Amino acid sequence: MTLDPEAHQVVTREDHQAALARAAALAPSPAEGLFGPGSLTWRVNREGLLFLAGGRAALLQTAHPFVAQAIADHSRTKQDLRGRFQRTFDHVFHMVFGDLDHALRSARRVHAVHAHIRGALPDAVGAWPRGQPYQANDPASLLWVFATLVDTSVLVHDLLIRPLTLADKHAL
């Protein structure tokens, strides 16, 4: 990550490649991808009901001012909601269930698209002043989006399938 105090932190291409190499080294096998069929990640995310909860995750994601502004400034969501949803679903599906090659390719593609998404908040929002720069590959924004996906998966699994143990929740 860029650690210059005058610059905003961002997950660089090199950082991303290094993280993917670490993840690939931990993968059960190239055919099983990053997680594999015996993983808790597969067990939770294979449930079709999670597909219906995508709207919840998307709504939570836009609660972060950087994410909301990036969507407003750079996304075709308003013109092509179905296409945006399909592209996002395809990449997430490949990262979770794809073989290692497909998972890493999708992760690289998402990172590359996000590398060009940057701007500034037009108005003050909460603790962020007007003009605050944002970048889609900002670690805090990425963590927020990831957390909304995990939180939604856990909530839906707990409510509609069966409750996960506390140990399972911590393992996700």
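## Charge

Lys and Arg count here as positive, and Asp and Glu as negative. On that basis the protein chain of this predicted model carries 17 positive and 16 negative side chains. The centres of these two sets lie 5 Å apart.

## Overall fold

Let's turn to the architecture. Nine helices and two strands form the secondary structure of the protein chain, and their order along the sequence is α-α-α-α-α-α-α-β-β-α-α. With a radius of gyration of 17 Å, close to the 16 Å that the globule rule gives for 172 residues, the protein chain is as compact as a globular protein of that length. The C-alpha trace spans about 45 × 35 × 35 Å along its principal axes.

## Packing and surface

Of the 172 residues in the protein chain, 29% are buried. If we take the contacts between residues at least 6 apart in sequence, 60% of them join residues at least 24 apart.

## A closer look at S153

S153 sits in helix α8, which covers residues 139–161. Its relative accessible area is 11%, and the cut-off for buried is under 20%, so S153 counts as buried.

Technical notes. Residues numbered from 1 in each chain as written. Predicted model: local features only at pLDDT ≥ 70, side-chain atom pairs only at ≥ 80, totals over all residues. Heavy atoms only, no water. Helix = DSSP H or I, 4+ residues; strand = E, 2+ residues; numbered from the N terminus. Rg over C-alpha atoms; globule rule 2.2 N^0.38 Å. Buried < 20%, exposed > 50% of the residue type's maximum accessible area, 1.4 Å probe, protein only. Contact = heavy atoms within 4.5 Å. Charge placed at Lys NZ, Arg CZ, Asp CG, Glu CD.
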